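Welcome! Have a look at the structure below, and then read the notes that go with it.

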Amino acid sequence: GICETEDARGGRLGNGVLFSSPKRNGRGKNVCVWAREQPFVDEIASTLKGEGIATTRFARAGQGDIYMAKTAAEYFPLLFAVAKANAAFALEQARIISFGHGTELYKGLESLSVLDKVYGLSEMFADAMLAHTRYPTGSGPLIVRAHPFSFGNVAIVHNGDLTSYMANLNACLGKLAELYHRHTGKDPEAFYHDQLKSLVGTDSEMMAVMLYTLLKIGRETDIQLSMRDILSILVPRFENQLTWLPRGSDERTRLERLASDYEGFGMDGPVSCLALITGED
């Protein structure tokens, strides 16, 4: 069905499919690497090991340039190691494109019909999947910039233009740096720059990073954010809508508090997004 859609809309440059199968992965996570050459994969594996992340051997998927390994590492140590590993490579060389629980990501610049033959996609089984037939049109066509985007246990596909990208980027990386300091006690400056270099630099990817960050804040700190809160942060009420709510009411107070505490996370621009969140439970 995705291939038929691709043919109808001309999506011949930038395509991908993310499979989610949490029950078949136990509590482990799949680490998916795209690399132009095998030595880059070896370097990534070495960096992860140096950061205390034990993985199985990275095995080549099908006949393509994506390699898969498994790890039992917790999300935050894994995130910190992924940022360090990705920061060492140019976008044209290699990237860890997914490090989520029960997820596998396959993407490229070829059509999905070609990717199917390369990776055997049509023979795979999953509980859920997310697919798209595009790459971000505001940037050059690189494999790592093809959809879907995966960050931790969050995957997204997106159409539109996130005009608030820079504000979102600064706010989100600031929160991730705070979490880094909370977990490691180390100066967050180095992590901030590693994470900045680790990203592929598209507004689509930013949505996955922000959603992941807000989900983790709710789980890893004493701040409890419900999904309703998270959506209120990412898609804030227009000011004129807010003023319609009675001053001092619980809902208005909640929205004003979230807007203040998570300033910079609110998305702006013509945006349509689908998200797939894979839980470990």
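These notes go from the whole protein to a few single residues.

This is a predicted model, in which local features need pLDDT of at least 70 and side-chain atom pairs count only at pLDDT 80 or more, while totals for chains, interfaces and linings use all residues. Residues are numbered from 1 along each chain as its sequence is written, and side-chain values use heavy atoms, with hydrogens and water left out.

**The whole protein**

- You can find 10 helices and 10 strands in the protein; helices (H or I, at least four residues) and strands (E, at least two) are DSSP runs, numbered from the N terminus.
- The C-alpha trace spans about 60 × 50 × 35 Å along its principal axes.
- The radius of gyration of the protein is 19 Å, which agrees with a compact globule, because a globule of 281 residues would have a value near 19 Å. This radius is taken over C-alpha atoms, and the globule rule is 2.2 Å times the number of residues to the power 0.38.
- Of the contacts between residues at least 6 apart in sequence, 78% join residues at least 24 apart; a contact means heavy atoms within 4.5 Å.

**Surface and charge**

- Buried residues account for 51% of the 281 residues. Buried means under 20% relative accessible area, exposed means over 50%, and partly exposed lies in between (1.4 Å probe, protein chains only).
- The accessible surface is about 13,300 Å², and 52% of this belongs to carbon and sulfur atoms. Such areas come from the Shrake-Rupley method with a 1.4 Å probe; for residues, only the protein chains shown count as cover.
- There are 29 positive and 34 negative side chains, and the centres of the two sets are 3 Å apart. Lys and Arg count as positive and Asp and Glu as negative, while His and the chain ends are not counted; each charge is placed at NZ of Lys, CZ of Arg, CG of Asp or CD of Glu.

**Asn30 and Lys70**

- Asn30 sits in strand 2 (residues 29-35), and Lys70 belongs to strand 4 (residues 66-71).
- Asn30 counts as buried because its relative accessibility is 5%, whereas Lys70, at 42%, counts as partly exposed.
- Although 40 residues separate Asn30 and Lys70 along the chain, their C-alpha atoms are 4.6 Å apart.
- Their side chains are joined by a polar contact of 2.7 Å. A polar contact is a pair of N or O atoms within 3.5 Å; within protein, one must be able to donate a hydrogen and the other to accept it, and residues adjacent in sequence count only if both atoms are side-chain atoms.

**Phe58**

- Look for Phe58 in the loop between helix 2 (38-50) and strand 3 (59-60).
- Phe58 has a relative accessible area of 7%, so this residue is buried.
- Leaving aside neighbours within four places in sequence, Phe58 touches several residues, including Val31, Val33, Leu48 and Tyr67.

- Pro148 lies in the loop between strand 7 (128-132) and strand 8 (149-151).
- The peptide bond from His147 to Pro148 is cis, with omega near -5°. In general, most peptide bonds are trans.
- His193 is part of helix 6 (residues 188-198) and counts as partly exposed because its relative accessibility is 39%.
- From C-alpha to C-alpha, His193 and Pro148 are 24 Å apart in space, and they are 45 residues apart in sequence.
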